[in-house]
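Please read the following walk through the model with the structure open beside the text.

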Amino acid sequence: MASSQASVFGLKDSSLIRFQGLIDGKWVDAKDGAKIVVKNPATNEELGTVPEMGLAETKEAISAAAKAFPAWSTTTGKERHDILMKLFALMQEHHDDLGRLITLENGKTLTEGKGENAYTEEAVRTYGEQIPSPFKNVRNVVIKQPVGTSSIMTPWNFPSAMITRKLGAALAAGCTTVIKPPPETPFSALALAELAARAGVPDGVINIVTTEKNVSEVGKEMCESKAVKKVTFTGSTPVAKMLASMASSTLKKISLEAGGNAPFIVFDDADMDEAVAAAIICKFRGSGQTCVCANRIFVHSSVYAEFASRLAEKVSAFKVGNGLDESTTHGPLIHKRATEKVSRHVEDAISQGAQVLVGGKVIENSNFFQPTVLSDVPAGALINTEETFGPLAALVKFETEEEVVRLANSTEVGLAGYFFSRDVGRVWRVAEKLEVGMVGVNTGLISQAVIPFGGVKESGLGREGGPHGIDEYMNEKLIVFGGL
Ligand code: SIN
């Protein structure tokens, strides 16, 4: 049954497809046998099912992770490094299959799906420090220790990369994990767990609980259980706030990467070729479904007409379709709710005077939305206050640096911001003034495994990636040596 189901995916190694959750090294169904149906957003065809797990399975997963912690946390950094590097090598070996899996369950193109699997790197250089003491016979040393069992909750827009970004750091630090992948894209998470087992990650170190309807009780337990010492989440700001308040009941360490509403500013001295090319990648990557996608595009009035027509020309050449088709440049949105939100933003902007330069409509009876460029979007439009999460470029005209910085910062969230200028003074001024965690100067693509990824304001807490990311899974311990 499972192997015939797996053939639907067309992978070279069909044993990467797992239809069960993972607890303590065993692939398991939900206790009551309930299942979640997972669909391909490009075709709406069923891909397969995974278990609809609940509180009981979550408790078991947490206790398996807690049981595995003493042994895993006392392996050496070198031992964990070797296992993680083996996992990375396996991911590279199965690059095509993992990319295809992402395209099948998320819809993004094969190039983007495969790109997610190169988005991984490990750091086990968890150095401590020695702090000189003002007292003669005293020495201060700070060491870093893994926090413990970590709850990891991830979104569907990067089915693999948002897991590896958290899991790589957690495992490298010596933590054990319970992962709740999103119901839309569980198969990539399960394939990673299968590869982790092949790489030698011991039983109980990675546990996976799949759920959709029971998400509230599963999430609550993952945040409130006393056995869990760390909660990490990527997703919307309202959910991040709810999880933070639940995790605060036991003052757990938390890192949250929540929503963005990125400004993308084109000043009058910008290199126009580069600004247009960057706006394309920044706005339309993943069909606009990334937290760091440009959401509000501010263009100086003196270059507005040129930028708008060049952007519109490029966007009208996109080929929207099934991500498995090599000629597709942009895939579908994840589900109907996503296309409805984009429609709402387009209609609202038009009702306030915006002009449609390209697109503007959902492709009927599908999850595809026409890549869209709107000009003359007024400051009061919904798109300026809410993250669209879709292929909609909304152009707003501005006159002065002061005005555009004020507009860019007039949002509750602050994940990423981008701007184009060749004036070195302005580059420093604006980079410092933007209220965001990450700034792209003359680039529309900032994401890399090695950078501290994260936001300010209501975009979250903590950083992921590189050496900063691993610190989120470690406690610092001070050891004071006296009587020397
Ligand atoms: C995200 O959308 O949450 C992550 C985007 C990225 O890593 O580029």
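This is a predicted model: local features need pLDDT of at least 70, side-chain atom pairs count only at pLDDT 80 or more; totals for chains, interfaces and linings use all residues.

Residues are numbered from 1 along each chain as its sequence is written, and side-chain values use heavy atoms, with hydrogens and water left out.

The domain assignment gives domain 1 as 2-258 + 459-479 and domain 2 as 262-448; such bounds come from an automatic or database domain assignment. The C-alpha centres of domain 1 and domain 2 are 31 Å apart. Their contact (heavy atoms within 4.5 Å) takes 24 residues from domain 1 and 27 residues from domain 2.

About 2,000 Å² is buried between domain 1 and domain 2, and carbon and sulfur atoms give 58% of that area. Buried area here is the accessible area (1.4 Å probe) that two parts lose on being put together, summed over both. Across this interface the rule finds zero salt bridges, a salt bridge being a side-chain nitrogen of Lys or Arg within 4 Å of a carboxyl oxygen of Asp or Glu. Seven residue pairs, both at pLDDT 80 or more, are in polar contact between domain 1 and domain 2. A polar contact is a pair of N or O atoms within 3.5 Å; within protein, one must be able to donate a hydrogen and the other to accept it, and residues adjacent in sequence count only if both atoms are side-chain atoms.

On the side of domain 1 that touches domain 2, helix 4 (95-106) and helix 5 (110-116) each supply at least two residues. Helix 4 gives the largest share of that side, five residues. Helices (H or I, at least four residues) and strands (E, at least two) are DSSP runs, numbered from the N terminus.

Gln5 belongs to helix 1 (residues 2-7). Is Gln5 buried or exposed? With a relative accessible area of 19%, Gln5 is buried; buried means under 20% relative accessible area, exposed over 50%, and partly exposed in between (1.4 Å probe, protein chains only). Neighbours within four places in sequence aside, Gln5 is in contact with Phe19, Leu47, Gly48 and Thr49.

Glu274 sits in helix 10 (residues 272-284) and is partly exposed at 34% relative accessibility. Not counting residues up to four places away in sequence, Glu274 touches Phe420, Arg422 and Asn442. Glu274 and Phe420 are 146 residues apart in sequence, yet 8.5 Å apart in space, C-alpha to C-alpha. With Arg422, Glu274 forms a side-chain salt bridge (2.8 Å, N to O). This pair links distant parts of the chain, since Arg422 lies in the loop between strand 18 (416-420) and helix 14, 148 residues from Glu274 in helix 10.

The whole structure holds 27 salt bridges. One of them joins the side chains of Asp268 and Arg426 (3.5 Å, N to O). Asp268 is in the loop between strand 12 (262-266) and helix 10, and Arg426 is in helix 14 (residues 424-433), so the pair ties together parts that are 158 residues apart in sequence. Asp268 is partly exposed at 38% relative accessible area, whereas Arg426 is buried at 15%. A network of salt bridges links Asp268, Asp269, Glu401, Arg426 and Arg429.
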